[in-house]
Amino acid sequence: MYAGASKAQTVSQGTGTAGNQNPAVVAPHHRGKSANKKKTPTQTIKPSDAEAPAGSAITTDNAANRRVIADAKAQGAAPRSREENVVVTGTLFSDPNATNASPIEHITRMDMQRRGLKTVTDVLQSLSTNGAGNLTNGWSAGGGFATGGSAPSLRGLSTDSTLTLIDGQRLAYYGLADDGERNFVDTNWIPMSIMQTVDVLEDGGSATYGADAVAGVVNMVTRKEIQGVEGNAEGGLSQRGDAGHQRLWATYGHGDLHRDGYNFYINSEYQQDDPLYYRQLQSPYNSGDLTGIGGGNANYNTLLPDGTISPFGVTPAAIVRRSDGANSGTGAWQLLNPSAGCGSFGSVVTGSVVSGDNGKSQTCTMNSQRYAQVAPDIRRINATAHLTVNVTPRSQLVAMFNYSQAMTTVTGTPTTTRTYSQAELANTLSTPIPAYLPNGQLNPNDPFAAEGKAAEVDYRFADLLPTTTEFNQNFRGSVRYAGWEPSDWGSDWHYNADFVGMATRLTQTITGVPTINSLENAITSGDYNFVDPSQNSQAVLNALAPRSVITATTSEYSGNLTANKGLFKLPGGTANLAIGANFRHEALNDPSANPLNIADPGAQYVGTINPVNAKGSRWVESGFFEVGLPFHKMVNVDVSGRYDNYNESTGNSFHHFSPKVGLQFKPTKMLTLKGTFNQGFRVPSFSETGGSNVGYVTYDPSAVTSFVNQHRSADGSANTYAQPYSIGENTSGNPNLRPETSTGFSGGPVFKPTDWLTISADYYYIRKNHYIAPNPYGVAAMATDYLEGNALPSGVTVTPDVADTQNPSGQLRPGLINLGYVNTKKLITDGFDLKIQAQKHLPGPLHDVLWVSKGEATFVHRYNIYLPASSGGGVERFAGTLGPYSAVSSSGTPRWRANWANTFMWKGLSVTPTVYYTSGYRLTADDYSGAGTSGGCANVISNSAYYPSQCHVKGFWDVDLTVNYQVNRRWNIYANVYNLLGFRAPYDFGTYGGYLYNSSWAQNGVVMRSFQFGVNVTL
């Protein structure tokens, strides 16, 4: 069968013709007149063999293939010429027959179609090596910092340690940083239908590609040639009838590279994935009532048997009571509009809420998960123009332009009337509805106006649904000129010159979120109708929640020059040398969507919008080399290195040399031993050197007597200014950060006992030094040192809070602790990868059925962070737990991840079940409860008192099924069933990336069974 590549683990030809656009279905070898002849079903047609003309289908039918080849010869089709530009992942050499000592996962178009992987994001998230800290679209729905973005995290080292490329060229960063810290390349925008392969280098790649390739490299190789018209249409939905999916793409290509000397194609894609909400799911994910699984009822305002209402929560049915003139009220709560009741939100309950209400408080019940989102609304549109020209018999030009837009929309829970600004320097806790309007009339929103009493109001603005839309546009152009020249010594010269320019423009629009000033105005002016919110005009709503719009931009411009040739003969072959240079410029500008004006803190939006920002640029110059030394037919050594020099916009500069050595030893035909040693680095992100993000923790200053003495009330007690309060933790950029450096090695056997079976095992080890993290010195300790006048750690500053209104001359308490990022000690992770590939006709009467199998599994042995002495020292161990809890969005570090796809092909029919597995883990984390505390169940993490007790999360199984039928050589139909067996997501009560489940590993377990159907046409 024709696989489209001569070396399945290392090379992608990047070709495709109209006659071979459904690689998921290849007719098996038929019996007939040649039934007694020896068959070689695993043989691959080499690139040097004649291609089928457009419109022909290559099959394993010998007679049919003979006719195709004869037709090709009759039409004058030429074999592939030497000038063809070949992309080889993980090496500078352009030899498609080269092998690589590094572990490389090679995923072809055939693999993607067989497994029902429809986007690059789907492909990368399914990798067994994709670990802790991966960024999923499900996490975006949970309110992540980088809404709209998705990225893998190879080896669990987070999104910033995996380098993502297209055709070996870098891409611009996403406009928002993961967790406000890590820059990464978004995979949501990348067009899938023009991809020939996705190659994943699963060890350090800094010696070839430079910074950020500490954990590995993802290289997406595009199709070189397309002839004729291709089209695809598909749609789908879940078993409940929700989570709709639509996908369309079309391609037109003209010109035959080997006959006409050029090929040009244009492509366009459209994909829409509808949002999904928890309220649409099955129990218990669709409700706050967890009594059915041994927990409590967290739905708002449940009437308990003793007559109390708990938990007391705010709903879209306004309730009021008489204001006490400060920040509270007196008496029982009552519905502001009893005749309207609770509408669709719930039912009226009467009971005890506060002391003194005599059990007469009224409110409405509501599902606490009413507004929570499982998956965002995502729309993707792509357009590509691609040109390949054989400029001379020895050189080739490839140019490509991509435009894409990805629009992601997430919604949140509406704001309440009693809330804080994001910096918590302004609030509406003491803003009641006044008895009189500004014109002196009685306020119709206040039922106590006739008494001259103001009303405390509790209300959730259902007509203001917080909505964040990330509209990300990507503009990318690339050109590559490559060829060869003859040489009278050694082998021929091969050269490559390429340039890529990419710019992204992300427009973030947030609606439905008020500022404190606008909220106070709505409450006090009478402009907002609390009695009947349906009467509020759009103008009133716009004034209450002014639109927030920012534009984040990034860019990447990179030029690359390489040359390689064979130098001399060694016993095992020709010694090769490659050299190259790279020059590039990178930039990012992400302004804050919620800045603080200290002179007017009420102008800031409420806490829904986080004030993340980052800015920076850099110039990078690099030189690199690679030497291939085949000392013997059994021994091959590869040595490479790269020197990178960085000049940052902060004025700082740094440089690094990254070496790598690979060794292959093949003592027998069936066994190859491979190993690599590498050193690399990760450059500090623009957020880590020139950005900031703010979070809040509670701090109690009562232990600092000198401070409390300046803030006492008349009776001698500490006033409110000296009580526990929320202090801001502003993790700001540190321009003096050093790069993280890494040392890694991998190695293991590749066993090929037969022509149809390959089994491999690899051990990997990665150590990061100078690991970048927020300053580990505690916020509370810094605040205390500040109040006591002690020296603060290097790089730490304090922004004072506003003055105490009772004692304005008293010492100012700290408002923001500006921690900064610092280089800490080290991180170590290691483990094993297991892989299996097989392709064979089944025995006996099933001989006409071709079986193709591909599986991989990854085991994480260690994932340890070693703390500096300044934060107490010790080792945080995360493998098999929910940690790292904060650094990677509480996705955890399962020890095992695996997938196994088995395809059975008979005539035009192809059936592929794919099994996925992620092992369970303990709900503990050393970075949450302290180093060395995660070993047992004493420090279990639970995000709610209503959750049942749980120490261990179960493993998750998922089985997907793809059925594909080739109607004829032009038409193909297929169906995908995801989570075929309906496995449910295991409960995870510790993660904050999803409600009751972990969105990084078990998203299909809450979506449940879903279906997609499609048709593919080739003309």
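Author: Arg182 counts as buried because its relative accessibility is 5%, where buried stands for under 20% relative accessible area, exposed for over 50%, and partly exposed for anything in between, using a 1.4 Å probe and protein chains only. The model is a predicted one, in which local features need pLDDT of at least 70 and side-chain atom pairs count only at pLDDT 80 or more, while totals for chains, interfaces and linings use all residues. Residues are numbered from 1 along each chain as its sequence is written, and side-chain values use heavy atoms, with hydrogens and water left out.

Arg182 sits in the loop between β5 (169–170) and β6 (195–201). Helices (H or I, at least four residues) and strands (E, at least two) are DSSP runs, numbered from the N terminus. Ser685 is 503 residues away from Arg182 along the chain, yet their C-alpha atoms are separated by 6.1 Å. The side chain of Arg182 also has a polar contact of 2.8 Å with that of Ser158. A polar contact is a pair of N or O atoms within 3.5 Å; within protein, one must be able to donate a hydrogen and the other to accept it, and residues adjacent in sequence count only if both atoms are side-chain atoms.

Arg182 has a charged partner as well: Asp179 forms a salt bridge with Arg182, with 2.8 Å between the closest N and O atoms. The term covers a side-chain nitrogen of Lys or Arg within 4 Å of a carboxyl oxygen of Asp or Glu. Side chains of opposite charge can pair when their charged atoms come close. Asp179 is also buried, because its relative accessibility is 14%.

By the salt-bridge rule the count comes to 32. One of them pairs Glu234 with Lys118, the closest N and O atoms being 3.1 Å apart. This pair links distant parts of the chain, 116 residues apart: Glu234 is in strand β8 (residues 228–238), and Lys118 is in the loop between α2 (109–115) and α3 (120–125). Glu234 and Lys118 are both buried. Another salt bridge brings together the side chains of Arg223 and Glu230 at 2.8 Å, N to O, and these two residues are buried too.

The covalent links come next. With a disulfide taken as a pair of cysteine sulfur atoms within 2.5 Å, the count is two. Cys342 is joined to Cys364, S to S 1.9 Å, and the -85° about the S-S bond makes this link left-handed.

Cys937 is partly exposed because its relative accessibility is 49%, whereas Cys951, with a relative accessible area of 17%, is buried. With bonded cysteines counted along the chain, the disulfides follow the pattern 1-2, 3-4.
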